Structure formats: structure tokens, C-alpha cells
Amino acid sequence: MGSGAAGAQAPEQQGRLPGMPKRKQQYWLMKSEPGDFSIEDLERVVTEPWTGVRNYMARNYMLSMQAGDGVRFYHSACKVPGVYGLAEVAGAPYPDPTQFDTASKYHDESSNPDDPRWWLVDVRY
């Protein structure tokens, strides 16, 4: 999947002013269907880019994520919906490369590499 675009950095990740208190760890609910990518898949690969998010509110939440934040891994399209495991955000947000990939089902022809519309974070088991 992705490896991040050179030079692009999420606005929230550009640093903080000297003397500002460190941000407290946040916790996020991230959803994936077991048939697409399950918690067992994450355990097997250890770290995975969370590609394909095409919802503006979810994108804005991803821009707020920081390395070390907790993740509740949620499955909804299954017999018993709920949290199936825990993970963590592995790094700062970066542009989702699938938005520029014409072969991807997540391609967004109106997204500009100089001003990416869609961002992702890597999630670690």
C-alpha cells in the first residue's frame, strides 16, 4: 500500500510552539470489515497504511491522530459487531497514495498531489 508523499505534512504535525504542553494520548475507533481487512490480518502484517478513507469527517480525525494514539479495531458487517482488537497509530498522517493511483478503487481524479485531499495513518498491531 502507501509510503507517503515527499514533502507533504499534515498541518497538525508541523510542530508545536516552545513551552506548549505535550498533547495527551487520544483513542480512536477505526472500522474495517473482516472480509476486507481484519484484526487478524493486522496481527499478521503488524503495520498497515489505513488507505481508502473517503469521508471528510473521518479524514479530519485522521489528521488529528499522532503516533502512539490508541485504536479500537471495530468490525460492523459481521454476525456480532463490535471491537475485535486493540492497535495503535504508528506515525503521523501522510497523503493517501491511492487517491492518485488510477488503478485503485480509491482513485480521486480531482485530488491534487500538491494539495492532497485524502490522508492516512499507519496502524500497528
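Trainee: Is R54 buried, exposed or partly exposed?

Mentor: First, the ground rules: this is a predicted model in which local features need pLDDT of at least 70, side-chain atom pairs count only at pLDDT 80 or more, and totals for chains, interfaces and linings use all residues. Residues are numbered from 1 along each chain as its sequence is written, and side-chain values use heavy atoms, with hydrogens and water left out. Buried means under 20% relative accessible area, exposed over 50%, and the range in between gets its own class (1.4 Å probe, protein chains only). With a relative accessibility of 28%, R54 counts as partly exposed.

Trainee: Which residue does R54 meet in a salt bridge?

Mentor: Side chains of opposite charge can pair when their charged atoms come close. Here a salt bridge is a side-chain nitrogen of Lys or Arg within 4 Å of a carboxyl oxygen of Asp or Glu, and a search of the whole structure finds 5 of them. For R54 the N to O distance is 3.2 Å, and the partner is D96.

Trainee: How many residues apart are R54 and D96?

Mentor: Helices (H or I, at least four residues) and strands (E, at least two) are DSSP runs, numbered from the N terminus. R54 and D96 pair at 3.2 Å, with R54 in the loop between β2 and α2 and D96 in the loop between β5 (94-95) and β6 (119-120). D96 is buried, at a relative accessible area of 0%. The pair links distant parts of the chain, with a separation in residues of 42.

Trainee: What pattern does the protein chain follow along the sequence?

Mentor: The secondary structure comes to 2 helices and 7 strands. Read along the sequence, the order is β-α-β-α-β-β-β-β-β.

Trainee: How much of the contacts with a separation of 6 or more do residues 24 or more positions apart account for?

Mentor: Contact means heavy atoms within 4.5 Å. Among contacts in the protein chain with a separation of 6 or more, the share of residues 24 or more positions apart is 70%.

Trainee: Which residues touch the most other members of the largest nonpolar core?

Mentor: A nonpolar core is a set of buried Ala, Val, Leu, Ile, Met, Phe, Trp, Tyr and Cys residues joined through side-chain atoms within 4.5 Å. The largest one has 17 residues, and those touching the most other members are M30, L42, W50, M62, M65, V121 and V123. At least two core residues come from each of β1 (27-31), α1 (39-45), β3 (70-75) and β4 (82-89).

Trainee: What is the angle between the planes of W28 and Y61?

Mentor: A pair of aromatic rings is described by the distance of the centres and the angle of the planes. Rings of Phe, Tyr and Trp (its six-membered ring) pair if their centres lie within 6.5 Å; planes under 30 degrees apart count as stacked, over 60 as edge-to-face and the rest as tilted. The structure holds 3 such pairs. W28 and Y61 form a tilted one, 5.9 Å centre to centre, with a plane angle of 50°.

Trainee: What is the distance of the polar contact between S111 and Q99?

Mentor: S111 lies in the loop between β5 and β6 and is buried, with a relative accessible area of 8%. The side chains of S111 and Q99 are joined at 2.4 Å.

Note on methods:
Polar contact = N/O pair within 3.5 Å; in protein donor to acceptor, adjacent residues only side chain to side chain.
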